Amino acid sequence: MMKRWQAVKRLFPFVGLVLLLSACGREDLSALRPQGPVAQGQFDLMKLSIAIMIVVLLIVFGIAGYVWMRFRRRPGQTDIPEQVEGNFKLEVIWTVIPLILVIILGVATVQKVFAHGENYWNDKNAVKVKVTSHQFWWEFNYPDYGVTTAQDLIIPTGKKIAFQLKTADVLHSFWVPSLAGKTDTNPEGAINNAWFTADKEGVYLGKCAELCGQSHGLMEFKVKAVSQESFDSWVKAMKEPVALPEDQATAEVFKNQCLTCHAIGSEGGPSAPNLTGIGGRESVASILINGQDGTAKENLKTWLEDPQAVKPGNTMPNPKEDLKLTDEQIDAIADYLANSKLKTD
Amino acid sequence: MDWLTTVDHKKIGILYLIAGALFFGIGGIEALLIRWQLIKPMNDFVSAQTFNELITMHGTTMIFLGVMPLIFALMNAVVPLQIGARDVAFPFLNSLGFWTFLFGGVLLNISWVMGGAPDAGWTAYTPLSSKLYSDTHGVDFYTVGLQIAGLGTLIGGINFLATIITMRAPGMSFMRMPMFTWTAFITSAIILFAFPAITVGLVLLSFDRILDANFFDVSEGGNPVLWQHIFWIFGHPEVYILILPAFGIISEVIPTFARKRLFGYSSMVFATILIAFLGFMVWAHHMFTTGMGPVANALFSISTMLIAVPTGIKIFNWLFTLWGGQIRFTAANLYASGFIPTFVMGGVTGVMLASAPADYQFHDTYFVVAHFHYVIVGGLVLGLFSGLHYWWPKMFGRVLDEKLGKIGFWFFIIGFHLTFFVQHFLGLMGMQRRIFTYLRGQGFDTLNLVSTIGALLMGVGVLVFLFNVIVTTRKPAGAPNDPWEDGRTLEWSIPSPPPEYNFKQIPLVRGLDAYWKEKMAGHTEMTPAEPVGSIHMPSASILPFVMSAGIFVAGLGFMYHQYVVLVLGLVITFACMAIRSLYDDHGWHIDPEETTEKGVKE
Ligand code: HEM
Ligand SMILES: [Cu+2]
């Protein structure tokens, strides 16, 4: 009985550790709180390796603590300690044991490498998304649906999402910690594949994880996992025509100054984030978070008044200085965009 | 003037120490500025651009200009003494190596005042580091400055290889060499094989930037991932260039202060060589997320994990050196003792990172920042402090103040763990590295605050060390030959600081831990291997300094497309080379009568 208690007691640190780890960070952001099979597999590996490593640490700390206390030089001690050359048996032991630990971790690792490295691009059941990274925004294209969006990646829950990733400029890295680890986005010619699945509905935070210039730290995106029905209706809504501003003058300005780069509905260009339904998105510029009501317009104005102040180094021209928009025009466009929401049922 | 022309390895060691300390200080200030920016969310203490320059320069400075010269400082100060040599194999080259290193470092750092420091990270990944996306001269300073500094390192490495192979005292077989010399030897060998890779990489990158070549430009058929391979084929061995000397230092300090010979000497040597070898096999573990495919990822995962085995051997050998010893906790030994658990913590996170699928989560986050600081600071820097306290009396004839040494240690190590331990969690919780700020409410705030406080404490620790140096320097010199009383290797058999010629007579080595062996046999000195005679010394020379200055000028000219300046600089350098080659200089001799007094104490 006593013996067993001892053994159980030894498990405490691990139990504590697992509890501690799984309480760490936000559910929609932390790699320690996985919300899908890929992140879960990665978390399992982490737990395995941490457990092995803790054992190693305990042994080393234990021996070190013991020798430091036990073998201090006492005052007046003048004898010479025995000059031990080594000990073949001991040395073999501490070669073999780490080797065994490494093999355990190695086997688990190799299994996951191949499981996670699977390519589902040609899987008929998977939802395909082409991700293109830009300084400092994300473009998501759904080739099967003919839909392109930016910053908010909408996915159905429970489905495999298969990605093809590339960059339009410098290297970036596509990372949604609570759904899967990161994958670099390389230039054309070295396109990467990845996949993940979100088990539950919710909004997960994604980040760019490769230094890509000034606003690297602000290059976020959201993954919005919704039910299959909502996803379908979102796709449908994205393809509905979008009306330009009613006020003719504003529509003119918007068309000439904004749609040269941005697209909205079927109009405009692809070199800047697609604005279709932006009034209903999670954020403006991925970091100005839209609240329930009204803040979208405020955020749009903040952005339009000085994009550099929000995301230093981004490539959008300054609406006031470069595009010569007046405050009224900015306000009108912000108002129009804030009300541009998708009509989903 | 004396210092500009010296070819004495001990003085060059001191020059390296001063230069290294200077750059370490600059890198440290940059680190504190980085940490200050991150003390709270959405801080605007520095701009995003400045922040990227700070991290780039901090990383580059620390690795290439901070700790490398400190390693060379100790190698210069100690290796010739440990092998019973009067100097290094090529004293002139030694001086040249130092000056090219220093001029390269200065070139890199004047970027701060010449229109923008490099800003693409110390890894300078293309295309971010290309002209198109980094259009100041910053990255040019990086490529040209590192090229020049790297030249110095390569020269130094070759010199130490030659020295250790050819200049060992009679009786000092390879398997009787002190561990620090062994690690200096292996480190030099790694330098010899790794530095050419970065040399080539930097040439390609500077051609892309300055001469509009397109090695890394996809639109012209280049390949940016190629840069990553070249960089890491150098970069990973570089990590072992840094850590092996620390292993060597620890292997000297622990036996001395445990009064026991190193446990498992031959397995230590074997482990060192194995680590060096594996170090070249694992570079792609920095690139798991690049998309190399599962087969490559699996192979690089496994080979990386294997490094844990020889490293583990070392750790246990140290612990069993202590076992049954009589441990004295001097400042030097405190640092060595702090090294063991700290380094092991860095080692185990390394094994965690080696697991490729899990690395998909760790990579480029604060978990990695924590890991490599545990290894570099918790391993190498603690090792360097240990070595500095240990060999300071040998270098300067004065023992550093023990009390201040211990105070500094406690500030440093507590600060260190506060700074970096919490960063593991930041990384796992989703904080990427190299971000100039973070949004509120992500759960990062408290841990970042803690981390910054820790960094400040570390700074205090370093200041205490500096204060200690100043206090000690103002005291009269007078350290005995063997101030720790339990010195085991040859450097402790001669005066502190050693005379210009090191050994009046080259000693005869009769076993491992040569000096300890003589002491145990009841002798107080080494048995000489040669009669007293006149000693041949190399002449001092200003040429290395001028030559390096020439390269510096040429480098600036190249960067700014001023080809007249470029040619002028090269002319200076080649003229020096010609002078060196055409005029024979046979050096000079110290006569036996002079050796009893002169140079022993200043
Ligand atoms: C005073 C102690 C130090 C502190 C507080 C410190 C702090 C930091 C911080 C906050 C970063 C930036 C992390 C990021 O966002 O990427 C960093 C990066 C780095 N540090 Fe340190 N550091 C210290 C000492 C050192 C030393 C001694 C070395 C090497 C010998 C070193 C090597 C590096 C490297 C290579 C990087 C990566 C730079 C890059 O991302 O380009 N650090 N350090
Ligand atoms: Cu980025």
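Biologist: Happy to start with the strands: how many residues lie between β1(A) and β2(A) in their hairpin?

Modeller: Keep in mind that this is a predicted model. Strand β1 (residues 127-134) of chain A pairs with β2(A) in the antiparallel sense over five bridges, and A:V131 has A:F140 as its bridge partner in β2(A). The hairpin that β1(A) and β2(A) form has between them two residues.

Biologist: And on to the next hairpin: which residue in the turn between β2(A) and β3(A) has a positive phi?

Modeller: β2(A) and strand β3 (residues 147-150) of chain A run antiparallel and are joined by four bridges, with A:Y142 opposite A:V147 in β3(A). Four residues separate β2(A) from β3(A) in this hairpin, and the one with a positive phi, about 65 degrees, is A:G146.

Biologist: Why is strand β2 of chain A described as largely enclosed by the rest of the structure?

Modeller: Burial here means under 20% relative accessible area. Strand β2 covers residues 137-142 of chain A, and it is largely enclosed because the number of its six residues that are buried is five.

Biologist: Which hand does the crossing of α7(B) and α10(B) have?

Modeller: The contact includes B:F247 and B:I250 of α7(B), and B:W318 and B:L322 of α10(B). By class, it has seven nonpolar, three polar and one charged residues. As for its hand, the crossing of α7(B) and α10(B) is left-handed.

Methods
Residues numbered from 1 in each chain as written. Chains lettered and ligands numbered in written order. Predicted model: local features only at pLDDT ≥ 70, side-chain atom pairs only at ≥ 80, totals over all residues. Heavy atoms only, no water. Buried < 20%, exposed > 50% of the residue type's maximum accessible area, 1.4 Å probe, protein only. Pairing = 2+ DSSP bridges. Left-handed = near helix turned anticlockwise from the far one by under 90°. Contact = heavy atoms within 4.5 Å. Nonpolar A, V, L, I, M, F, W, Y, C, P; charged D, E, K, R; others polar.
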